[in-house]
Amino acid sequence: MKSMLAIFALLLVFPLTAVPREPGAPLPQIRPEKVGMSSERLEKIDALTDRYVENGNYPGIVTMVSRDGKIVHKKAHGKYGVDNDKPIEIDTLFRIYSMTKPITAVAALILYEEGKFQMTDPVTMHLPQFANQKILKDGELVAPASPMRMGQLFTHTAGLTYGTTLDNPVDELYAEAQLMDSHDLDEFVDKLASLPLRFEPGTRYHYSVASDLLGAVVERLSGQTLERFLHERIFEPLDMHDTFFSVPPEKRHRLASIQVWDYELNAAVLLPDEYRRDVFDVSFFSGGGGLVSTAADYLKFCEMVRNGGLYNGVRLLGPKTVRYMSADHLTPELRAVGRGEYPSDDFYPGQSMALGFGVITNPGITPSISSMGELSWGGAAGTQFWIDPEEGIIGIAMVQLMRSPWPLRFDMKVATYQALTELAAD
């Protein structure tokens, strides 16, 4: 009897539900009804992916949904690509492009918690190459009123651009510099520092290479390459063993082909080689768009964020830091400047910018069902994720289609939320 009482006392202190999962294990899967969702109604996600594949919208698609840290849906449908009829699988690897940005933001915030920088620091404190950077105004190079600051790199308000749309002389200079063809982040920084700013830092939101520059700061402050830092400080702790800049040779057979939508043919075609970013022998670690991952790996990262910086007993960030990260960091004026001008079109109504993530600030005017404080972003090849802290839901869709005309994110959100039978606030 005494031994049974001792065991009972231990269970009060260390309940069985608190036992961490084995390293490398995916999130547990559960019957949806256990967490207030309908198995039958979740089949609408299956119907959605079936329709997308059968209509030729995407060669293949992997979808995954969790609630309260447990998987309620996962499906792989279609094939690896228009050039590869092998059935796509749950562990297929995808180029996630700009879904790299939230990971880079978390990496920088790990250093922020260690006191390595403040959000108000001029970027030149950590990258002195930018000390003499000017703004190009009406054909003249002029000194900025204030320098780029660290916090602006998280929110794309630093005066930088992307150079992908040649509607401005600065974008033309970016294109000529071929920033994304840099050998490494050191070369990238040197090239970028030689180019003018597009606008006064802190005066507008404009989607840009800011996350790549943030990755360079991570390298400078940590004394490690961004690849090594992400591996040691994020991927290993989160058991994300299928996330990397360079796909290992033994895993290359799991990499999905990448397509582009041909508007003349009205079909997905293979992306030409000259437009493909190298994912095999990488030395330029793009914090803005260089990672390859799986749905299951990215779900672990999202679950860490949803759970306030904690995953499987390992804490990456403090909960107050995650709350700060998740707040709206744009004033209404900053958000409004450039509305309708690419690349400000990354936002949709009701969305603003957190640190490295988009955040929902007004669910009533978003294009589909949303929750206040929902975090999300997407990648150039159509990958999507969202983290809903109100309902405890994470949704991920993995595809490989550039210039996609399809509303995958919104379709999947509707199919997910209509399956709720219990709301967290009720």
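## Close-up views of a predicted model

View 1. V260 stands opposite M402, a residue of strand β17. This is a predicted model, and the view opens on the place where β7 and β17 (residues 401-402) run parallel, joined by two bridges. On the β8 side, β7 (residues 259-262) pairs with β8 (residues 267-270) in the antiparallel sense, over four bridges. Put together, the strands make an open three-stranded sheet in the order β8-β7-β17, with mixed pairing. β8 and β17 each have a single partner strand and stand at the edges, so one side of each is left without a neighbour in the sheet. As a reminder for reading this view, strands of a sheet pair through backbone hydrogen bonds, in either a parallel or an antiparallel way.

View 2. For context, most residues other than glycine have a negative phi.

View 3. Strand β2 (residues 70-81) pairs with β1 over eight bridges, in the antiparallel sense. G60 has G78 of β2 as its bridge partner. Between β1 and β2 the hairpin has two residues, and D68 shows a positive phi near 55° there. β2 is also joined to β3 (residues 84-87) by two bridges, and this pair runs antiparallel. Look for K79 opposite P87 of β3. The hairpin formed by β2 and β3 likewise has two residues between its strands.

**View 4. S66, a buried serine in β1.** S66 belongs to strand β1, which spans residues 60-67. Is S66 buried or exposed? Its relative accessibility is 0%, so S66 counts as buried. Beyond its neighbours within four places in sequence, S66 is in contact with I71 and V72, with L299, and with the run G392, I393 and I394.

View 5. K34 sits in the loop that links α1 (2-13) and α2 (39-54). With a relative accessibility of 66%, K34 counts as exposed. K34 and R67 are 33 residues apart along the chain, and 9.9 Å separates their C-alpha atoms.

**View 6. Y298 and the largest nonpolar core.** The largest nonpolar core has 91 residues, and those touching the most other members are L153, L160, L213, I234, Y298 and F301. Which helix gives the most to this core? Helix α3 (residues 100-113) does, with eight residues. Centre the view on Y298 and, setting aside neighbours within four places in sequence, you will find Y298 in contact with I96, M99, P102, I103, S293, F385, I396 and M398. Another core of 24 residues lies apart from the largest one, and its members include A268, I393, A397 and V399.

View 7. How many cavities of 30 Å³ or more does the structure hold? There is one, and the largest cavity has a volume of about 30 Å³. Its lining is made up of P59, G60, K79, Y80, I88, F94, A256, S257, Q259, V399 and Q400. By type, the lining residues of the largest cavity are six nonpolar, four polar and one charged.

**View 8. Two loop residues with positive phi.** Q178 is a residue other than glycine with a positive phi, near 50°. Q178 is placed in the loop between α5 (169-177) and α6 (185-193). At 47% relative accessibility, Q178 counts as partly exposed. D239 also has a positive phi, near 55°, and is likewise not a glycine. The loop that holds D239 runs between α8 (226-235) and β7. D239 has a relative accessible area of 8%, and therefore D239 is buried.

Definitions and conventions:
Residues numbered from 1 in each chain as written. Predicted model: local features only at pLDDT ≥ 70, side-chain atom pairs only at ≥ 80, totals over all residues. Heavy atoms only, no water. Core = buried A, V, L, I, M, F, W, Y, C linked by side-chain atoms within 4.5 Å. Buried < 20%, exposed > 50% of the residue type's maximum accessible area, 1.4 Å probe, protein only. Contact = heavy atoms within 4.5 Å. 1 Å grid on protein atoms, 1.4 Å probe; cavity = no way out; pocket = protein on both sides within 12 Å on 5 of 7 lines; lining within 4 Å. Points joined across faces, edges and corners; volume = space filled by probe spheres on them. Nonpolar A, V, L, I, M, F, W, Y, C, P; charged D, E, K, R; others polar. Pairing = 2+ DSSP bridges.
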